[in-house]
Amino acid sequence: MDYATLIGQATLNGLVIGAMYMLMAVGFTLTFGIMRVVNFAHGEFYMLGAFTAFFTYAYWEIPFVVCLLIAALTVGILGVLVEGALIQPFRDDETSGMIATLAISVIIQNAAVLIWGPAPRPMPDIVQGTLMLGPFSFPWSRLVVIAAAVLIFVTFWLFMQGTRTGRAMRAVAQDKETALIQGIRINAIYPLAFGMSVALAALAGALMGPVFSVSPFIGLTPMLKAFVVVILGGLGSVPGAVVGGILLGLIESFTATMFGSLVSDILQLLLVIMILLVRPSGLLGQREY
Amino acid sequence: MDASSPTLAKIDQPHGIRRHGLPMGLAIAVLLASAIVIPQFAANQFYLHLANIVLINAIFAMSLGLIMSVGQLSLGHAAFVSAGGYISALAALNFKVPPLLGIVLAGLTTGLVAAALGKVILRLRGVYFVLVTFLAGQVFTLIALNWQSVTHGANGLIGIPAISLFGFPLATRLRFYYFALAAFVLVFTFIWALMRSQYGRAFGSIAENMRLAEASGIDVSRYQIIAFSLGSGIAGGAGAIMIHYIRFISPDSFTFSDSIAYITMLVVGGRGSLVGGALGSLFLTPLPEALRGLAGVQHILYGVILLGVLLFLPGGLVSVGRFFKRGLGRQK
């Protein structure tokens, strides 16, 4: 394999996982920014999204775009319910909230093992064929993932910037009390924000289902990477999550190609610790008090 | 951590002990005496084994509680347990280091590593600390899994020797029980004394209100590093004790789900009290045995219990007694 192919492959793979990390990290950072909740169940919602896509696409053969919508909606609604019932009671206690999401994660994952079994299931590709560009060849199935992730993020960004609800969410993230005084109903914003956040995770899971396989344990790695990304980009910062996600994907892809995936994972942690030494609130984050 | 959450130092204040001085001392003496005597008569191997695991899990949960007493939640606790286990196992297998020395070595090394790590990551407040301990735990598992030449990877290390005291091997469950009991009492007394010292008061004030503590001249990060390295060091030592009992260790012996299990024990027992960790272990360690027919359900039940306690009994099981006492007091 020559250099150009190798670099092309590594870049493409980096962008694919980077796009997934971006979606995961944006959702993760959203719940933290708005609700100050660290959601340790984020990866389980990714897994649920992947399973939803698996059943709707591989079993029922519904068009993939519709599968994505179904995954986002069902998981999003589940997220709204979970927030209302299990996370809201810990609104003023960050530590208890974190432990509650750990418990939710344990319950969802083991319920999935109980219902669907632990074996990984392969999922068919969304599209066939490859795009040839000079010395590079890109499988369409990967390009579609990148394009879909970008489209999903742009939709999310427009929602946050352009709609009343999006503006209300950003206001709550900036200053809860002042937002309350302005008449923003926090009790409606919180479940919605959590639902949107886990819907983004579900979309990431649904998109990656055909790339990797689907099993109850697939949520851990993306969540781990989302942690790395938000630490790099700063907790609560959406631009940080986007830049950090894509950057991490590329770094991971290139270091894994060169040194193997173990070294790549260890390098990532060292990178995180080094960045935290220099900038304790992440690259683009604001100081947390 | 907010002001309403209980801390070790806040609940077990010295005057509280003095007030209940005599009955409390009596209760402890009776408990300890029965813990020593009962196994002599009821030498059921299965219950003895369970009791051993309960004692060691209690040490894990109490050491985690020590870290939590400065308002920091560690998600990498099992990694320190595992590291302690590997250190002592490798020392015993490769260099014929006596297990007892290995346990001390494991405790010291993990404590020092925690101090170094803590120096870096305890500058981070709250959430960042939690995330980094989680990542560090994952990386540790990865290393243990992939460093084949030393750890034998997923196969683990077998044939780890039992602890021997003055040339007297603790190879039976009953003999080990007394060792574990002694270790438990030692750790319990140590943390209890620590919480009553100047350190305990500083820990409590940090957990109550970090900024206020800092403004009052308490060196927050110093005390946090002390609590983190003591807690992790105790976990490492206890991990070594555990593997000299089980006589086997692999990367799967102590994983992230064990970290969650320790948190569950601590929260269910009561995070605000030293007894809480022990009580949580006593309640939750035997639970999987009771549910053996329902593999898989047991984890879900752990999660449900954890959520239920968080929602309805934030003080944990130890607060049940206090709850009743208050109820009785009102009736009078």
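Predicted model: local features only at pLDDT ≥ 70, side-chain atom pairs only at ≥ 80, totals over all residues.
**View 1. B:Gly280 in helix H14 of chain B.** Residues are numbered from 1 along each chain as its sequence is written, and chains are lettered from A and ligands numbered from 1 in the order in which they are written. B:Gly280 counts as buried because it has 31 C-beta neighbours inside 10 Å; a residue is buried if 20 or more other C-beta atoms lie within 10 Å of its own, exposed if 12 or fewer, and partly exposed in between, with C-beta atoms placed from the backbone. Leaving out residues up to four places away in sequence, B:Gly280 touches B:Ala61, B:Met265, B:Leu266, B:Val268, B:Gly269, B:Gly316 and B:Leu317, two residues being in contact if their C-beta atoms, placed from the backbone, lie within 7 Å. Although B:Gly280 and B:Leu317 are 37 residues apart in sequence, their C-alpha atoms are 7.6 Å apart in space.

**View 2. The crossing of helix H4 and helix H14 in chain B.** The axes of helix H4 (residues 45-68) and helix H14 (residues 274-284) of chain B come within 8 Å and cross at roughly 145°; axes are lines fitted to C-alpha atoms, for helices over the stretch in contact, and angles run from 0 to 180 degrees between N-to-C directions. The crossing of H4(B) and H14(B) is right-handed, a crossing being left-handed if the near helix is turned anticlockwise from the far one by less than a right angle, and right-handed if clockwise. On the side of H4(B), the residues that meet H14(B) are B:Val54, B:Asn57, B:Ala58, B:Ala61, B:Met62 and B:Gly65, and their partners in H14(B) include B:Gly276, B:Gly277 and B:Gly280. By class, the contact of H4(B) with H14(B) has 7 nonpolar, 6 polar and no charged residues, where Ala, Val, Leu, Ile, Met, Phe, Trp, Tyr, Cys and Pro count as nonpolar, Asp, Glu, Lys and Arg as charged, and the others, Gly among them, as polar.

View 3. Apart from its neighbours within four places in sequence, A:Val26 is in contact with A:Phe153, A:Phe156, A:Leu200, A:Val238, A:Ala241 and A:Val242. H1(A) has 33 residues and reaches 46 Å from its first C-alpha to its last, close to the 48 Å expected at 1.5 Å a residue, the expected span being 1.5 Å times one less than the number of residues. The axes of H1(A) and helix H10 (residues 238-259) of chain A come within 6 Å and cross at roughly 145°, and this crossing is right-handed. The contact of H1(A) with H10(A) has 15 nonpolar, 9 polar and 1 charged residues.

**View 4. The loop residues A:Arg36 and B:Lys96.** A:Arg36, which follows H1(A), is found in the loop between H1 and helix H2 (42-59) of chain A, and its phi is near 55°, a positive value in a residue other than glycine. A:Arg36 is partly exposed, because 17 other C-beta atoms lie within 10 Å. B:Lys96 also has a positive phi, of about 55°, although it is not a glycine, and B:Lys96 is found in the loop between helix H5 (77-95) and helix H6 (99-121) of chain B. With 8 other C-beta atoms within 10 Å, B:Lys96 is exposed. For background, most residues other than glycine have a negative phi.

**View 5. Where chain B touches chain A.** In this view, 34 residues of chain B are in contact with 34 residues of chain A. Helix H7 (127-146), helix H13 (256-269) and helix H16 (297-312) of chain B each supply at least two residues of the side of chain B that touches chain A, and H7(B) gives the most, with 11 residues. The residues on that side of chain B divide into 24 nonpolar, 7 polar and 3 charged.

Conventions
Helix = DSSP H or I, 4+ residues; strand = E, 2+ residues; numbered from the N terminus.
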